Amino acid sequence: QTIEVGSSSGTYAITVGKQLRMTPYRYLPDHFSRKKNRLLILADETVASYYLEDVRAAYAEKLPVHTYVLPAGEAIKSFSGYEEVLTACLEMRLDRESAIIALGGGVIGDLAGFVAATYMRGISLVQMPTTLLAHDSSIGGKTGINHPEGKNMIGAFHQPEAVIYDIEMLDTLPEKEWLCGFGELVKHGYIGDQHLLEQLKGLNQYATFTISDELLASSITVKKEIVHQDEREESIRAYLNFGHTLAHALEQTAGYGVLTHGEAVVNGMVFALYVGRRLGYGGPDPAEEIQWLRAFGYSFAPLNQMNPSQILQAMKRDKKNRGGSIRYVVLANLQQPLIATLGDEQLLTYMDAFKK
Ligand code: NAD
Ligand code: ZN
């Protein structure tokens with residue numbers, strides 16, 4: 001399946017399918033190999049151990065290829081990780097005609113993307129996502145690193161030249177990581193594709209750990225459409241934040257790494273459904289959603305155990321707020337997200353009431 005994406009810096013293709021890593025040039029723009037002089041493939045140790053050699057050999061058929069392997073985990077999405085990769089780029093003599101290939105999940109994608117956005121004021125980037133979550137993070141052009149004071153605080157918009165999503169690589173993804181990415185599929189279902197949501201609900205939970213390119217393409221399409229209309233998050237791109245205001249606060253108060261992002265998002269979405277109902281809107285019944293999501297392996301303990309005043313404080317530090325009040329994405333109905341502005345007292349009341 002190929003999805004064309006229009007962006008301010010031109011169109012690019014997202015291709016989803018099996019074995020794509022073996023013939024990447026087929027999914028790159030024509031002339032890619034003639035226009036480039038060399039490539040740098042970035043991967044973390046885990047992904048490298050499974051797939052780097054295949055990918056390197058495939059690219060090396062046409063161009064000189066360098067590789068650089070980083071430790072796995074969020075810690076490399078930092079100033080020091082960024083500096084380390086820039087140094088590698090300089091040592092490998094990459095220039096404006098070179099391209100960076102991000103082979104990995106959202107961590108490698110964001111870091112490699114930020115390097116590509118800033119090295120020599122911007123060079124080409126190709127995303128090769130390897131996690132389920134990266135079906136989300138590899139599209140839309142957001143790249144960046146973390147600051148000790150907050151996640152994703154330093155970054156740039158930089159659209160890839162292509163996204164090559166070989167879903168065969170998902171076969172080695174651990175279950176925990178699977179559930180992390182699945183939360184974003186559910187999110188895209190709620191905010192933009194009822195059919196997708198129904199298909200996800202209908203998946204046999206024991207067979208969940210394989211997913212079709214069709215479902216992934218539907219999920220990608222929801223994000224693509226929103227980003228296409230609002231690349232720089234001036235308006236509706238904020239809908240993609242559905243479930244994330246509480247999720248970020250839960251992650252922060254639990255300490256990063258304690259709670260997986262997917263679990264936090266699923267908890268956040270259920271609470272957002274509840275808030276929507278309290279505001280008088282329609283949308284799915286949170287109690288029913290909890291049931292099927294729990295059957296997939298998600299825990300709702302974070303929501304039941306949250307400390308409302310602590311959560312409120314964490315929410316207020318969110319960089320997406322404007323002028324003090326909290327902007328909350330709720331559903332007027334399925335596929336109808338909207339942004340509600342909530343006062344502190346109101347949110348505290350809802351959190352207390354939800355826990356009961
Ligand atoms: P990740 O890249 O750290 O991958 C998770 C783990 O899975 C890692 O340990 C990795 O080594 C391993 N892994 C990756 N692919 C594998 C495979 N095929 N087989 C076996 N193991 C594999 O994390 P992630 O969940 O993919 O991404 C999280 C990051 O994405 C966060 O930093 C988040 O901020 C970012 N993000 C960015 C955007 C965006 O729009 N740019 C959107 C959402 C999230
Ligand atoms: Zn998310």
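Predicted model: local features only at pLDDT ≥ 70, side-chain atom pairs only at ≥ 80, totals over all residues.
Residues are numbered from 1 along each chain as its sequence is written, chains are lettered from A and ligands numbered from 1 in the order in which they are written, and side-chain values use heavy atoms, with hydrogens and water left out.

Asp166 belongs to strand S9 (residues 162-166). Helices (H or I, at least four residues) and strands (E, at least two) are DSSP runs, numbered from the N terminus. Asp166 is buried because its relative accessible area is 0%. Buried means under 20% relative accessible area, exposed over 50%, and partly exposed in between (1.4 Å probe, protein chains only). The side chain of Asp166 makes two listed approaches to backbone nitrogens. A polar atom of this side chain lies 3.2 Å from the backbone nitrogen of Leu20. The side chain of Asp166 also reaches the backbone nitrogen of Glu168, at 3.0 Å. A polar contact is a pair of N or O atoms within 3.5 Å; within protein, one must be able to donate a hydrogen and the other to accept it, and residues adjacent in sequence count only if both atoms are side-chain atoms. Pro129 is 37 residues from Asp166 along the chain, yet their C-alpha atoms are separated by 7.6 Å.

Gln19 counts as partly exposed because its relative accessibility is 40%. Glu233 also has a positive phi, near 55°, in a residue other than glycine. Glu233 lies in the loop between H8 and helix H9 (244-254). With a relative accessible area of 17%, Glu233 is buried.

Ser124 is part of strand S6 (residues 124-129). Its relative accessibility is 11%, so Ser124 counts as buried. A polar contact of 2.2 Å joins the side chains of Ser124 and Glu161. Beyond four places in sequence, Ser124 is in contact with Lys36, Ser98, Ala99, Ile100, Ala116 and Glu161.

Ligand 1 is surrounded by 25 residues, each with a heavy atom within 4 Å of the ligand. The closest are Asp44, Gly106, Thr130, Thr131 and Thr172. The shell divides into nine nonpolar, eight polar and eight charged residues. Here Ala, Val, Leu, Ile, Met, Phe, Trp, Tyr, Cys and Pro count as nonpolar, Asp, Glu, Lys and Arg as charged, and the others, Gly among them, as polar. An oxygen atom of ligand 1 is 2.9 Å from an N or O atom in the side chain of Lys77. An oxygen atom of the ligand is also 3.1 Å from a polar backbone atom of Val107. At Lys142, a polar backbone atom lies 2.9 Å from a nitrogen atom of ligand 1. On its own, ligand 1 has 870 Å² of accessible area, of which the protein covers 87%. Areas come from the Shrake-Rupley method with a 1.4 Å probe; for residues, only the protein chains shown count as cover. Helix H2 (45-60), helix H4 (106-118) and strand S8 (150-157) are the elements that give two or more residues to the shell. H2 gives the most, with four residues.

Helix H11 spans residues 286-295, and its buried residues are Pro286, Glu289, Ile290, Trp292 and Leu293. An α-helix has 3.6 residues a turn, so residues three or four places apart point the same way. Cover for the buried residues of H11 includes helix H6 (175-192), helix H7 (194-202), helix H10 (261-278) and helix H14 (344-355). Asp285 caps the N-terminal end of H11, with a side-chain oxygen 3.0 Å from the backbone nitrogen of Ala287. Just after H11, Gly297 takes a positive phi of about 115°.

The structure holds zero disulfides, a disulfide being a pair of cysteine sulfur atoms within 2.5 Å. Cys89 is buried, at 0% relative accessible area. Cys180 is buried too, at 10%.

Terms used:
Contact = heavy atoms within 4.5 Å.
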